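Subject: Structure handover

Hi,

Here is the structure I promised to pass on. Please open it next to this email and follow along as you read.

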Amino acid sequence: MIEPRIETKRLTLAVDDLDADGSFTGYASLFELPDLGRDVVARGAFVRSLQTRGAAGIRMLFQHDPAQPIGRWLELREDSRGLLVRGQLALDVARARDVHALMRAGGLDGLSIGFRALRAKAEAGTGLRRILEADLWEISVVTFPMQGAARIHQVKTAHQGLPTTRDFERWLTQDAGLTRSQARCVIAKGFNELKRERDAATAFPTDLAGTIRRAATLFHSKDPA
């Protein structure tokens, strides 16, 4: 019997700041989103693997090198969007300190999963491979992303409070559904100015306040405990 080969899938991180203890949260895989390798990960693909291994059984590596562990995963779970991860770099390790510095400087912005595809099927007419079950072995911090729509949605800071401007803009565009120009208007001039512009044009969402309130609920629900 031929063993399934180990594969990798990479995602982009968006790092604004890092806590002194090296902790961060994000997504290691997004469901139902084709990557550059023409693969789609189905919801539930990691359930059995996570039940079997748990967060402690999945390694945090640098560039998929088993000789370079750089920390540990504190929490791994599937939600409606993808594989949500919460990890911490081991800053007593020299390579982890290097990674920490590079992430802060924007030199490293990728996550990649190492897994075996246990069940997959080709989708006729699309050329996509749908991964139905994956045996997750490790998650690495890497240089080059494959699935650019996934982002770290929060990096813990020593003084948790208001989000950074970059966090707030990303929240307004990704969760509240505003355009970038609308989001920047809110940031620069406040919500009342955006309402005035909305009243003078037809291209703005009709239920803007409700949209932002719903997005705010999502935003706060993503805060790690």
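Start with valine 41. Its bridge partner in β8 is isoleucine 131. The pair belongs to a set of three bridges that join strand β3 (residues 39-41) to β8. These two strands run parallel. Keep in mind that this is a predicted model.

Strand β8

Look for arginine 59: its partner in β8 is glutamate 138.

Strand β7 (residues 110-122) is joined to β8 (residues 129-142) by 12 bridges. Here the strands run antiparallel. Leucine 111 has valine 141 as its bridge partner in β8. Arginine 119 has glutamate 133.

Is β8 mostly covered or mostly open? It is mostly covered, with 11 of its 14 residues buried.

β7 and β8 form a hairpin with six residues between the strands. In that hairpin, glycine 125 takes a positive phi near 90°.

Now find phenylalanine 115, which lies in strand β7. Its relative accessibility is 1%, so it counts as buried, the cut-off being under 20%. Next, pick out serine 49. It sits 66 residues from phenylalanine 115 along the chain, yet their C-alpha atoms are separated by 9.8 Å.

Helix α2

Move to helix α2 (residues 94-105). How far apart are its end C-alpha atoms? They are 17 Å apart.

Four residues of α2 are listed as buried: Ala96, Val99, His100 and Met103. They cover an arc of only 100° around the axis, which means they lie on the same side of α2. What covers them includes β2 (23-30), β4 (59-62), β5 (65-78), β6 (82-89) and β8.

Just after α2 comes glycine 106, with a positive phi of about 85°.

The loop between β4 and β5

Two residues here deserve a click. Glutamine 63 is found in the loop between β4 and β5. Its phi is near 55°, a positive value in a residue other than glycine. Histidine 64 lies in the loop between β4 and β5 as well. Its phi is near 65°, again positive and again not in a glycine.

Which of these is buried, and which is partly exposed? Glutamine 63 has a relative accessible area of 28%, so it is partly exposed. Histidine 64 has 18%, so it is buried. The cut-off for buried is under 20%.

The whole chain

Now zoom out. The chain has six helices and eight strands. Read along the sequence, they follow the pattern β-β-β-α-β-β-β-α-β-β-α-α-α-α.

How much of the chain is buried? Buried residues make up 43% of its 225 residues. The chain exposes about 12,000 Å², and carbon and sulfur atoms supply 52% of that area.

Contacts tell you about reach along the sequence. Take contacts between residues at least 6 apart in sequence. Of these, 67% join residues at least 24 apart.

The mean pLDDT of the chain is 75, and 60% of its residues reach 70 or more. Which element has the highest mean, and which the lowest? Helix α1 (residues 47-53) has the highest, at 96. Helix α6 (residues 208-221) has the lowest, at 50.

Best wishes

Note on methods: Residues are numbered from 1 along each chain as its sequence is written. This is a predicted model: local features need pLDDT of at least 70, side-chain atom pairs count only at pLDDT 80 or more; totals for chains, interfaces and linings use all residues. Side-chain values use heavy atoms; hydrogens and water are left out. Two strands pair if DSSP finds at least two bridges between them. Buried means under 20% relative accessible area, exposed over 50%, partly exposed in between (1.4 Å probe, protein chains only). Contact means heavy atoms within 4.5 Å. Accessible areas come from the Shrake-Rupley method with a 1.4 Å probe; for residues, only the protein chains shown count as cover. pLDDT is the predictor's confidence in each residue, from 0 to 100. The expected span of a helix is 1.5 Å times one less than its number of residues. The arc is that of the directions from the helix axis to the C-beta atoms.
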